[in-house]
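User: I'd like to learn how to read a fold like this one. Can we go through it feature by feature?

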Amino acid sequence: MEIQVLAKDSDFLEEGIQYFWKCWGNESNFIFYQDCILHSLEVQNALPNFYIALENEKKIGSYALITNDIISRQDLLPWFACLFVEETHRKKGIAEKLLNHALQEAQKMGFEQVYLSTDLEKFYERKGWQYFAQGYNFMG
């Protein structure tokens, strides 16, 4: 498995945008994902970054490191978001590899901690993540 960041010169930039939308979007919000990713490529800042996991050139997962996960805790960053592993590749340790990759990437950028917002119980804790604080999304 290899993990690649989406970049302007990615051979699969458009496919990568489609992939994130397929994993997380709905029929009415493709433009949201496209706009987020395309604009992230135009800035010189370290964040946001969108990553695709590939196996034999096939997309099998994704994650992103972003500045805010649409949560009230805008004082914290980076945020780990959009973790997805294709169903046929689950329970093979890929999610953990993506999590570890994200931590390494954040560390290279100078971040000592990475945050996430989730409603999953025990998934991330089993991977060594710890509860930090309560945050609220825009829906309350």
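This is a predicted model: local features need pLDDT of at least 70, side-chain atom pairs count only at pLDDT 80 or more; totals for chains, interfaces and linings use all residues.

User: What is the peptide bond from Leu77 to Pro78 like, cis or trans?

Analyst: That bond is cis, with omega near 0°. Leu47 and Pro48 are also joined by a cis peptide bond, with omega about 0°, and Pro48 belongs to the loop between α2 and β2.

User: In what order do the four strands form the sheet?

Analyst: Two strands pair if DSSP finds at least two bridges between them. Here the order is β1-β2-β3-β4, in an open sheet with antiparallel pairing. The edges are β1 (2-5) and β4 (79-85), each pairing on one side only. Between β2 (residues 49-55) and β3 (residues 58-66) there are seven bridges, and Asn49 stands opposite Leu65 in β3.

User: Which strands does helix α1 touch?

Analyst: Helix α1 (residues 13-24) packs on the sheet and touches β2, β3 and β4, its direction making about 85° with that of β3.

User: And how exposed is Glu57, in relative accessibility?

Analyst: Exposed means over 50% relative accessible area, so Glu57 counts as exposed at 72%. Glu57 lies in the loop between β2 and β3 and has a positive phi, near 65°. Ile70, in the loop between β3 and β4, also has a positive phi, about 50°, but is partly exposed at 45%.

User: Which residues make the nonpolar surface patch?

Analyst: Ile31, Phe32, Ile70, Phe138 and Met139 make that patch of about 610 Å². Phe32 lies in helix α2 (residues 30-40).

Definitions and conventions:
Residues are numbered from 1 along each chain as its sequence is written. Side-chain values use heavy atoms; hydrogens and water are left out. Patches are made of residues with over 30% relative accessible area and no salt bridge: like charges are joined within 9 Å, nonpolar side chains (Val, Leu, Ile, Met, Phe, Trp, Tyr) within 5 Å. Accessible areas come from the Shrake-Rupley method with a 1.4 Å probe; for residues, only the protein chains shown count as cover. A salt bridge is a side-chain nitrogen of Lys or Arg within 4 Å of a carboxyl oxygen of Asp or Glu. Helices (H or I, at least four residues) and strands (E, at least two) are DSSP runs, numbered from the N terminus. Contact means heavy atoms within 4.5 Å. Axes are lines fitted to C-alpha atoms, for helices over the stretch in contact, and angles run from 0 to 180 degrees between N-to-C directions. Buried means under 20% relative accessible area, exposed over 50%, partly exposed in between (1.4 Å probe, protein chains only).
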